[in-house]
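Work through the exercises below with the sequence and the model at hand. Each task is followed by a stepwise solution.

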Amino acid sequence: MSTARHGGGRARTLAAAALALALSGASLTAATTAHATVAGPADSTAHADTTGTRAPRTDRLSTAADGAQLDGGSTAGAISGDGRHAAFVTRAPALGCDTYLHCLKLKDLRTGALTGIDLGSGHLYGNPLLSDDGGRVAFTANKRFAMPHLHDRVTGATTRLWPADPPGRNELGAVHAISPDGTRVAYTVGNRNGDQNARLLYVRDTATGTDELISAPEEGDKGGASVADDGTRVAYQIGGYGEGPDDSGDVFLKEPATGARVQLDTGLGTAELVRLTGDGRRVLFNAGGGVYVHTVRTGATARVADGRARSATADGRHVVLSTADGLRLLDLRTGRGTDVGPADARAGHGAVSAKGRAVVFSSGATDLVPGDTNGVPDVFVRHAR
């Protein structure tokens, strides 16, 4: 399919030495910061070439199984690490959904097969996140109260995530992350009182079915979380992210086995967690108009790009940046950037597949694929290579 050429800003990255430092590491130490930026490479935009299967191209993800466009809007796209499976939320009546009855759909990008996760009448869905192989899907579903869930695509079973005896009054929850291998899910529980929606942070071990408390209510509301494959490290955000002068959000890294915890954004103002890498060696977060990487082994924290990262690959090498001109995929090791979505494009935490091969986003643009005449936002996948 054809794509429109998207405008894009110039990505700015750190010098090679800083990047090499940021892309290696192994144990928990105190954070330090390093600041130095140099101009990155010139903008580059790939054009679709339908004559080659590996040519960059944009496809519409939110379609029926036969490829037909949907008659309702779709949002909240996510993709598996291997790039084969994807999820999106839709209101399309053609799929049995409507404005007040959102549906969560799973799609096999190789075969086009479309399946759904259905918890029953009256549920609204959001925040889908897929494991690397697409075998597990974590998501939040809301009927009377929002609740975190985990779906096993192989067995078809869906489990509500909830600790056995959480302290205090708790009536709602939300999913924040699934480990790349699908063995652990980070989620919050809380209540409707003031800022206590996400007062408790837990990690579910899918092998044992146990839930481990990572952050207690006293630390404040949790704005995000990410967990390593082996569960030995959990990164999380306290508070929300804002563009103003107030320091409203901080990022921490914790080793649950020892209780060791360190703040990673000291001196950087408001911070926003992007992710912890699957091996637990690096943490990516936003602060002060840029993207930072904290290397656990050395304790160094380096600014590696300008802009705000919306998503990152499990190895932390590729990030999806949100700019005034649209979404941009940046390779932090080489500094190479590629425009992947228009100015109104929106990407979630699970938006990019391994090695930056594909990026999923929602957009109301009508010129990304031929025949887009439904007049509603759709979910698209940009195959970068």
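A salt bridge is a side-chain nitrogen of Lys or Arg within 4 Å of a carboxyl oxygen of Asp or Glu. This is a predicted model: local features need pLDDT of at least 70, side-chain atom pairs need 80 or more, and totals for chains, interfaces and linings use all residues. Residues are numbered from 1 along each chain as its sequence is written, and side-chain values use heavy atoms, without hydrogens or water.

**Exercise 1.** Find the salt-bridge partner of Arg-233, and explain what the pair ties together.

Solution. Start with the distance. The closest N and O atoms of Arg-233 and Glu-255 are 3.5 Å apart, a salt bridge. Now place both ends. Arg-233 sits in the loop between strand E17 (222–227) and strand E18 (234–239), and Glu-255 in strand E19 (residues 249–255), so the pair ties together parts 22 residues apart in sequence. Strands (E, at least two residues) are DSSP runs, numbered from the N terminus. Last, check burial (under 20% relative accessible area, 1.4 Å probe, protein chains only). Both Arg-233 and Glu-255 are buried.

**Exercise 2.** Locate Arg-184 and Asp-205; are they buried or exposed (over 50%)?

Solution. Their side chains meet in a salt bridge, 3.4 Å from N to O. Arg-184 belongs to strand E14 (residues 184–190) and Asp-205 to strand E15 (residues 200–205), so parts 21 residues apart in sequence are tied together. Arg-184 and Asp-205 are buried.

**Exercise 3.** Trace the network that includes Arg-60.

Solution. Arg-60 bridges to Asp-378, with the closest N and O atoms 3.1 Å apart. This pair links distant parts of the chain, 318 residues apart: Arg-60 in strand E4 (residues 57–60), Asp-378 in strand E30 (residues 378–383). Both Arg-60 and Asp-378 are buried. Asp-372 joins them in a network of salt bridges.

Key. Helices (H or I, at least four residues) and strands (E, at least two) are DSSP runs, numbered from the N terminus.
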